[in-house]
Amino acid sequence: MDYLSRLNDKQRQAAVYTEGPLLILAGAGSGKTSTMTCRIAYLIEEMGVSPYNILAVTFTNKAAKEMRDRVENLVGSDLNMWILTFHSACLRILRSHADVLGYGRDFAVYDPADQKTLVRNICKDLQIDTKKFSPAYFLGVISSCKEKRITPQQYPREYGTDYREQLIHKVYTAYELQLKKNNAMDFDDLLLNAVRVLEQDEAVLLKYQNRFRYIMVDEYQDTNQIQYTFVRMLAEEHRNICVVGDDDQCIYQWRGADIRNILEFEKDFPGAKVVKLEQNYRSTGNILEAAHSVIRHNAARKAKKLWTDAAGGSRITYFRAQDEREEAHYIASEIGRLTSGSYTLQEGRRDGRKYSDFAILYRTNAQSRTFEEALSRRDIPYRVLGGLRYYDRKEVKDLMCYMRLVQNRADDLALVRIVNEPKRGIGAKTLEKLQTLARVRGESLFDTLCDEAVVSSLSAKAGAGIRELTELIGSFAAEKENMRVSDIYDGLLVRSGYMKMLEDQNTIESESRIENLMEFKSVIYDYEEEDQNISLADFMERIALLADVDNHDAGENAVVLMTLHSAKGLEFPFVFMPGMEDGLFPGWRAFDRPDGLEEERRLCYVGITRAKERLWMTSAQTRTLYGKTDFTRESQFMREIDPKLLDGDGVYQQKRPQGGAFRDGAGSPAAARPFDQLKYARQRTKQNAAAMQQSAGDTFAAGDRVSHPKFGAGEVLSCDGKIIRVRFGDGEKKLAIGFAPLKKL
Ligand code: ATP
Ligand code: MG
């Protein structure tokens, strides 16, 4: 009972209200998760409920494990309880009852890699060109169909029978058949099939309805339709269902979460008791105020407000840096200052804080790079949570390998990594054989691949792919002294087919890879700005050093870097929210969907409420993102925060407010669509690569005037179709047509 005394009245009310539907609707940090944990302990200890009769569902494995540990701590024994994620709960049910749907009980669960292989094979059978329609694209469509419970049979009726839709229909149908034949399910199937079992076999439904006399769901605001149905069916018999959530923290609508699930709980379960927790135990008053001043601008929400016992605390520090490098430098030096022990907290306590007390929460992964560099420079250990360090990301490494090869064609390691990236039809076995051959001959793999005798022994597709690759690398290698690093990069990215591969996949993941690759251009421009004539060799050397820093501390005492999305449910004493600029946060994508801006605002609310003691928000006057430098405007969320809560730099306020008092939802002038830097960077990359290639189409003759971005204007001396000799101001150059960025004047 001790644990109950630690709860406040409202929390206790919720914990002991065990019979009938219950909705705990409360803001961030009000102890929702804590209350749910106590409720489970109370059911077992005080109500004598067997752990066997309880089902508690959370969102991540980490959260599930934490909750199980906490309950076992309270109850003091090891319980074999169902405190699980949705996926694992469904998997358990299916392990016993998949036969209802005609599956064997030992069915396999296919992970995304398996799924991809399967779809690739299907495309091959159906003779679908995976260059035009990638497996990832089909899988994305299939997944969203399953989420909406649209079967292959229903697909044409829902989406029509245009060419593309016909293809999807065929692939989807074959995919389902294959899964069934292989006695396998994918992740979406786990949820979907569990629901199907419950729908199709009444005995099974009754069994679980009877078993789970008490059902609890954390982070209910982020459930999708199928998860909702699952919970609802199980709860029908006993109706002892307790859901916990915060409509202000629904941040996964873009992945199918349906905010209506929580807003309409009282309709779905008539007579439901609603408990609103209003005391926040996590954050100081000013932080909480700031969170409210932002979230109250959302129209679709249940009004609620939190209060806290904690004193006002420090105000939120706002820093508007000149550029993103100064922003990162500022954050790193603040962390340095506060961990050194020379800092006095408001209460007069002198305190050197641990690195792990700090979190940097950003909107997109591409932002992590500048922070990683600034922290490294100060020897501050950090770890990137739920993601890789910038230079460890696959796409960044791949492009670096292309550049390494241009620099040094003997770099076998780099070649092996990219030879089939994008797909060139070189399987693992073929590659192994080629490597052996190169070893026997005592030459580099690249040289072996330049041997026409070798290449013509490969399949037609592989042969063509290899020829293109070696020619591409060879030409850039020959031209590298004459080209800017950024041009080499653009050329490699586009002409290798890498960019197209990602664009064809057209998934959230591939979009984020493109973002990271565009961000690489910021790196290159940084160096080119410092030294206009930086060579590829120098550039690669410096990057290699950066990429190798070992400030990556997997241990405990390290600053944590992660996206705002992955910070849900967590808390930290000190939080930094960088990049508070329109177009970045809220991101320009927010303006694509009607509720987009509100979802971004909820994300901002989640971010602010992660902070316990202090919060910094920063922005940069100019930001180079994806290689393009722009002046920025402070985030509209920044402008929504009451100025009296902010310390430091002032937020620019418009003299005459535009639009309504504070309801500037999408459509009002304040919400004008910000400039889309990413789109611009992508276009420019392609145009640049095309411009270089275009010189192949031009015919040059002696006497023509031409211009070159590095050497300026010049006069053509001779041209033999492939090689062109030009006299520039600082001497004569031999250039390769089709690679040299030459323009005829
Ligand atoms: P979120 O919305 O971010 O998931 P939450 O509502 O689930 O937050 P918890 O994580 O359960 O909140 O609690 C937030 C913090 O408040 C935790 O550090 C917890 O230990 C503390 N806390 C919760 N209830 C109380 C209480 N009654 N007394 C003191 N501290 C409490
Ligand atoms: Mg919680």
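**Figure 1. Thr 609 in the loop between α28 and β14.** Thr 609 lies in the loop that links α28 (596-608) to β14. Helices (H or I, at least four residues) and strands (E, at least two) are DSSP runs, numbered from the N terminus. This is a predicted model, in which local features need pLDDT of at least 70, side-chain atom pairs count only at pLDDT 80 or more, and totals for chains, interfaces and linings use all residues. Residues are numbered from 1 along each chain as its sequence is written, chains are lettered from A and ligands numbered from 1 in the order in which they are written, and side-chain values use heavy atoms, with hydrogens and water left out. Thr 609 has a relative accessible area of 1% and is therefore buried. Buried means under 20% relative accessible area, exposed over 50%, and partly exposed in between (1.4 Å probe, protein chains only). A polar atom of the Thr 609 side chain sits 2.8 Å from the backbone oxygen of Tyr 605. Neighbours within four places in sequence aside, Thr 609 contacts Ala 28, Arg 282, Ser 283 and Ala 291. Contact means heavy atoms within 4.5 Å.

**Figure 2. Surroundings of ligand 1.** Ligand 1 is surrounded by 18 residues. The closest are Lys 32, Thr 33, Ser 34, Glu 571 and Arg 610. Here a residue counts as near if one of its heavy atoms lies within 4 Å of the molecule. Which distances separate oxygen atoms of ligand 1 from polar side-chain atoms of Glu 571 and Arg 610? For Glu 571, the distance is 2.7 Å. For an N or O atom in the side chain of Arg 610, it is 2.8 Å. The backbone also takes part: a polar backbone atom of Ser 30 is 3.2 Å from an oxygen atom of ligand 1. A polar contact is a pair of N or O atoms within 3.5 Å; within protein, one must be able to donate a hydrogen and the other to accept it, and residues adjacent in sequence count only if both atoms are side-chain atoms.

**Figure 3. Ser 619 in strand β14.** Ser 619 belongs to β14 (residues 611-625). Its relative accessibility is 0%, so Ser 619 counts as buried. The Ser 619 side chain makes a polar contact with the side chain of Tyr 318 at 2.7 Å. A polar contact with the side chain of Arg 320 is also listed at 2.7 Å. Beyond four places in sequence, Ser 619 touches Tyr 318, Phe 319, Arg 320, Ala 321, Glu 327, Met 580, Glu 581 and Glu 634. Glu 581 is 38 residues from Ser 619 in sequence, but 6.1 Å in space, C-alpha to C-alpha.

**Figure 4. Thr 563 in strand β12.** Thr 563 lies in β12 (residues 559-563). With a relative accessible area of 12%, Thr 563 is buried. Its side chain makes a polar contact with the side chain of Ser 566 (2.8 Å). Not counting residues up to four places away in sequence, Thr 563 touches Tyr 362 and Asn 365.

Figure 5. Helix α9 (residues 163-181) has 19 residues. From first C-alpha to last, α9 reaches 27 Å, close to the 27 Å expected at 1.5 Å a residue. The expected span is 1.5 Å times one less than the number of residues. Glu 165, Leu 167, Ile 168, Val 171, Tyr 172, Tyr 175 and Leu 179 are the buried residues of α9. They cover an arc of only 150 degrees around the axis, so they are on the same side of α9. That arc is taken from the directions from the helix axis to the C-beta atoms. Tyr 163, Leu 177 and Lys 181 are exposed on the other side of α9. The packing partners of the buried residues are β4 (108-110), α6 (112-125), α7 (135-147), α8 (155-159), β5 (184-186) and α10 (187-200). Asn 183, which follows α9, has a positive phi near 55 degrees.

**Figure 6. An open antiparallel sheet of 5 strands.** The strand order is β20-β19-β18-β17-β21, and the pairing is antiparallel. β20 (731-736) and β21 (743-744) stand at the edges with a single partner strand each, so one side of each has no neighbour in the sheet. Two strands pair if DSSP finds at least two bridges between them. β17 (residues 705-708) and β18 (residues 712-719) pair over 4 bridges. A hairpin through 3 residues joins β17 to β18. Ser 707 stands opposite Ala 713 in β18. β18 is joined to β19 by 5 bridges, with Ser 718 opposite Arg 725 in β19. The hairpin of β18 and β19 has 3 residues between the strands, and Gly 721 in the turn has a positive phi of about 95 degrees. β19 (residues 723-728) is joined to β20 by 6 bridges. Arg 725 stands opposite Lys 734 in β20.
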